[in-house]
Amino acid sequence: MNELTLPLRNLAGQPIRTFLTTLGIAVAIAGYVALTGLTQGVQQNFAGGIGDQGGDLMVSERNSFSIISSSVPEELGPSLKAVPGVADVSGTLINIASADNNANIVISGWPDGSFLWQGVKLASGRLPQPSDEWPVVLGSTIANGLQKKVGDTVELQFQDFTVVGIADFDSVLNQNIALVPLKKLQGLLGREDSVTLFQVRLDRPLDPQKVAVAKEDLQKAAPGNQVSDSEEFGNSIRFFSLIRAIASTVSLVVMAMAALAIANTLLMAVTERTFEIGILASLGWRPVRILRLILVEGLIMSVVGGIIGLGLGILAMDVVSKAGVAAGLMEPYLTSGIIVEAILAALLAGPIGALYPAWRATRLVPAEALRRT
Amino acid sequence: MGPLIELVHVRREFDGGRIVAVADVSLSVEHGESVAIIGPSGSGKSTVLNLLCGLDQPSGGEVRFEGKAVHGPRAWAEVRADHIGFVFQNFCLIPTLTAKENVEVAMLGRIAGAAKRAERAVSLLTSLGLGERLHLKPMKLSGGERQRVAIARALANEPRLIVADEPTGALDRKSAHAIMDILTGLQRDTRTALVIVTHDREVADTCGRKIEMVDGRIVNGPATGIVHAVAGGAR
Ligand SMILES: Nc1ncnc2c1ncn2[C@@H]1O[C@H](COP(=O)(O)OP(=O)(O)OP(=O)(O)O)[C@@H](O)[C@H]1O
Ligand SMILES: [Mg+2]
């Protein structure tokens with residue numbers, strides 16, 4: 001027998017109660033992991049996907065609420081291109097729509113001859129030509145999902161487009177993207193002369209010093225707008241901060257509920273086991289030792305619940321990110337930070353929930369406790 | 001050597017003074033002696049026993065262990081863990097633990113090393129005739145067997161004092177005799193002091209000193225064990 005024998009026996013003595021409490025913690029941790037992972041995933045997906053398109057810096061509307069609400073005048077292009085160290089710029093118009101009234105799809109409009117088109121790795125077909133009427137290049141994942149091949153028609157933004165090419169990208173966003181000529185998308189959205197952002201490509205080779213200087217000069221050339229790399233861009237979008245805040249709040253509430261579940265379970269256990277705790281006290285177990293016994297019981301439930309919850313959370317992220325509404329917009333995003341936070345949360349919830357019951361246990365007068373038979 | 005344990009004008013009230021379980025008791029127990037506390041039901045015997053080992057705190061007066069006054073649950077826990085063993089009428093075993101584990105639990109934090117604790121538990125239980133019952137939980141044991149597990153547990157930390165509250169109260173005559181033989185044998189052979197509360201004249205007669213309580217006071221019997229103390233002190 002060792003220090004863990006008694007807490008484990010106690011938990012095993014009430015298997016259903018222990019199971020339900022542990023499950024409660026698992027669900028809380030799963031909720032935390034999935035919510036945090038998915039919300040960070042949405043941001044990561046957009047920022048990473050936009051960074052993956054070939055630009056080094058982005059010029060977008062300062063503090064825009066969401067990606068698609070950013071608006072920059074198209075006429076800004078030439079003055080950005082004139083900035084020293086800038087190799088090329090390309091306006092980009094972005095919108096989220098449904099494809100064939102079914103899957104979510106990100107539509108991106110690029111100007112004819114933009115350097116962005118050169119970064120597209122075609123799996124089949126070709127790039128749009130000026131003579132095409134409504135051409136579209138689809139990311140390979142969405143093409144698969146919609147079962148489209150070159151020559152097929154897809155309805156985007158209430159307009160039938162003809163698939164001229166299918167492209168492979170590294171990021172989930174771009175795998176689910178529809179690339180169309182900028183002018184066509186501007187027309188469909190009624191946003192002539194406006195783009196969402198400018199992708200800026202700098203002269204090679206890149207070095208941090210030069211990037212910093214170019215960034216400053218671009219900022220001067222585009223007053224009122226913001227110049228950022230893809231990560232800063234993701235962080236600046238207030239919509240992302242908002243969903244992150246919502247996710248944190250929900251996670252916090254759920255974790256508090258888990259701690260309460262533990263408190264409730266252990267309070268019941270301490271009340272039931274008054275006699276036993278009296279025995280331990282009569283054997284000379286010091287109050288801290290009795291406190292520790294109850295805390296360890298809480299800790300065991302929360303650690304086991306935490307591990308199960310981590311697994312459940314990853315599973316849930318995977319399921320949600322593949323489900324219709326979210327597919328293409330979210331990707332599961334699991335960082336070591338999220339895992340560490342989830343485990344910490346579980347490690348804290350147990351003992352915090354156990355604290356009051358444990359304290360109650362130490363307050364028992366042994367003689368009183370032993371009278372209860 | 002002074003007395004092992006002393007109660008000095010100890011009083012214990014309940015319900016804010018409405019119940020006086022122990023009115024005024026002074027009593028000392030010497031190293032190695034055996035004392036029986038007898039008296040009618042409700043006379044305060046169990047309460048005195050609880051005060052004697054800090055399971056309960058007095059409303060007045062003080063309790064000294066080896067000459068030093070002991071105050072508060074933490075200090076008493078230390079004294080009990082190192083020096084006092086218990087045997088109760090209702091055995092007080094932990095139902096989720098086996099016989100062996102019930103003995104080991106008293107040694108946790110006192111004797112380092114799980115193997116050492118296990119070895120000691122097995123040897124104690126075996127010496128009490130429970131070598132075949134080590135891995136059974138209390139529910140599977142007879143009353144006499146349970147009480148022997150409790151005695152093994154009481155002995156685990158080599159106490160200087162064993163307190164027993166009606167240790168034979170829940171047992172048939174034969175088991176009761178066996179338990180008393182073990183307890184008095186221990187007191188005789190290892191010079192462990194024994195304080196035993198009992199209704200049973202025969203049990204009381206096996207002890208070196210008899211104290212009778214009525215209405216929370218000692219009415220009969222020497223409150224100190226002088227004679228024994230001299231013998232004990234000479235050792
Ligand atoms: N925790 C308590 N709260 C209230 N009254 C108590 C408490 N403990 C003991 N008493 C009262 O104190 C008195 C003495 O009780 P105690 O248990 O010491 O008697 P006893 O001599 O051991 O009796 P018995 O032989 O029946 O075991 C009784 O009247 C009892 O009801
Ligand atoms: Mg009694």
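## Salt bridges and the A–B interface

Glu272(A) is partly exposed, with a relative accessibility of 44%. The model is predicted. In it, Glu272(A) pairs with Arg17(A) in a salt bridge, at 2.6 Å from N to O. Over all chains, the salt bridges number 29. Chain B touches chain A through 30 of its residues, which meet 25 residues of chain A.

- Arg17(A) is buried, at 17% relative accessibility.
- Glu297(A) and Arg273(A) form a salt bridge, with 2.8 Å from N to O.
- Glu297(A) is buried at 1% relative accessibility, and Arg273(A) is buried at 10%.
- Asp152(A) and Lys149(A) also form a salt bridge, their closest N and O atoms being 3.8 Å apart.
- Lys149(A) is exposed, at 54% relative accessibility.

**Interface of chains A and B**

- About 2300 Å² is buried between chain B and chain A, and carbon and sulfur atoms give 63% of this area.
- The interface holds 2 salt bridges.
- Arg9(A) bridges to Glu101(B), with the closest N and O atoms 2.6 Å apart.
- On chain B, the elements giving two or more residues to the side that touches chain A are α2 (72–83), β6 (84–88), α3 (99–104) and α4 (114–127).
- α2(B) gives the most, with 5 residues.
- This side of chain B has 15 nonpolar, 5 polar and 10 charged residues.
- A network of salt bridges links Arg286(A), Glu78(B), Asp82(B) and Arg110(B).

- Leu266(A) lies in helix α9 (residues 238–272) of chain A.
- Leu266(A) is buried, with a relative accessible area of 1%.
- Beyond its neighbours within four places in sequence, Leu266(A) contacts Ile294(A), Glu297(A), Gly298(A), Met301(A), Ala354(A) and Pro357(A).
- The C-alpha atoms of Leu266(A) and Leu138(A) are 56 Å apart, across 128 residues of the chain.
- Chain A is assigned domain 1 (5–45 + 240–370) and domain 2 (57–228).
- The C-alpha centres of these two domains of chain A lie 45 Å apart.

Methods:
Residues numbered from 1 in each chain as written. Chains lettered and ligands numbered in written order. Predicted model: local features only at pLDDT ≥ 70, side-chain atom pairs only at ≥ 80, totals over all residues. Heavy atoms only, no water. Contact = heavy atoms within 4.5 Å. Buried area = accessible area lost by both parts, 1.4 Å probe. Salt bridge = Lys/Arg side-chain N within 4 Å of Asp/Glu carboxyl O. Helix = DSSP H or I, 4+ residues; strand = E, 2+ residues; numbered from the N terminus. Nonpolar A, V, L, I, M, F, W, Y, C, P; charged D, E, K, R; others polar. Buried < 20%, exposed > 50% of the residue type's maximum accessible area, 1.4 Å probe, protein only. Domains from an automatic or database assignment.
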